[in-house]
Amino acid sequence: MKLIVAVVQGQDSNRLSNALTKAKFRATKLASTGGFLRSGNTTFLIGTEDSLVSSALELIRDNCRAREQMVAPVSPMGGNADSYIPYPVEVEVGGATVFVLPIEQFHHF
């Protein structure tokens, strides 16, 4: 058994959730916040059999796409102004960061 932890951008969350439900994967959604852009993410916890990991990863890959987005700068507000960029920059957002972890035991009560 494996635990898949997938951190996806908020825009991709509903599409992935629907795809996982349609494919009969059970997942728990957690609201999370990214560090660099301080934007909303969703973290999915998906428990599945070893044989279904590749199917789950394919669903994540198909429903979470990276894209370019213009981002307004965040003021340093008491932080270090040395790295402050005073104009919007284009950054890659979206996609998914995925961890696959072995599960020693699973209990459902």
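In what order do the elements of the chain run from the N terminus on? They run β-α-β-β-α-β-β-β, where helices (H or I, at least four residues) and strands (E, at least two) are DSSP runs, numbered from the N terminus. The model is a predicted one, in which local features need pLDDT of at least 70 and side-chain atom pairs count only at pLDDT 80 or more, while totals for chains, interfaces and linings use all residues. Residues are numbered from 1 along each chain as its sequence is written, and side-chain values use heavy atoms, with hydrogens and water left out.

**View 1. The whole chain, with two helices and six strands.** Of the 109 residues of the chain, 27% count as buried, a class that means under 20% relative accessible area, with exposed meaning over 50% and partly exposed lying in between (1.4 Å probe, protein chains only). Among contacts between residues at least 6 apart in sequence, 70% join residues at least 24 apart, a contact being heavy atoms within 4.5 Å.

**View 2. The open sheet of four strands, in the order β2-β3-β1-β6.** The pairing in this sheet is antiparallel, and two strands are taken to pair if DSSP finds at least two bridges between them. Strands β2 (27-33) and β6 (96-102) stand at the edges with a single partner strand each, so one side of each is left without a neighbour in the sheet. Neighbouring strands are turned by 20° against each other on average, direction ignored, with axes being lines fitted to C-alpha atoms, for helices over the stretch in contact, and angles running from 0 to 180 degrees between N-to-C directions.

**View 3. Bridge partners along strand β3 (residues 40-48).** Strand β1 (residues 2-9) pairs with β3 in the antiparallel sense over eight bridges; within β3, Ile-46 stands opposite Ile-4, and Thr-43 is the bridge partner of Val-7. The antiparallel pairing of β2 with β3 extends over seven bridges, and here Phe-44 in β3 is the bridge partner of Lys-29.

View 4. Two packed helices are described by the angle between their axes and the distance between the axes. From α1, Asp-12, Arg-15, Leu-16, Ala-19 and Leu-20 meet Leu-59, Ile-60 and Asn-63 in α2. The residues of this contact divide into five nonpolar, one polar and two charged, where Ala, Val, Leu, Ile, Met, Phe, Trp, Tyr, Cys and Pro count as nonpolar, Asp, Glu, Lys and Arg as charged, and the others, Gly among them, as polar.

**View 5. The two salt bridges.** A salt bridge is a side-chain nitrogen of Lys or Arg within 4 Å of a carboxyl oxygen of Asp or Glu. In one of them, Asp-50 pairs with Lys-2, the closest N and O atoms being 4.0 Å apart. This pair links distant parts of the chain, with Asp-50 in the loop between β3 and α2 and Lys-2 in strand β1, 48 residues apart. Asp-50 is partly exposed at a relative accessible area of 44%, and Lys-2 is partly exposed at 24%. In the salt bridge of Arg-15 with Asp-12, the closest N and O atoms are 2.5 Å apart, and both residues lie in helix α1, three residues apart, about one turn of the helix. Arg-15 is partly exposed at 41% relative accessibility, whereas Asp-12 is buried, with a relative accessible area of 0%.
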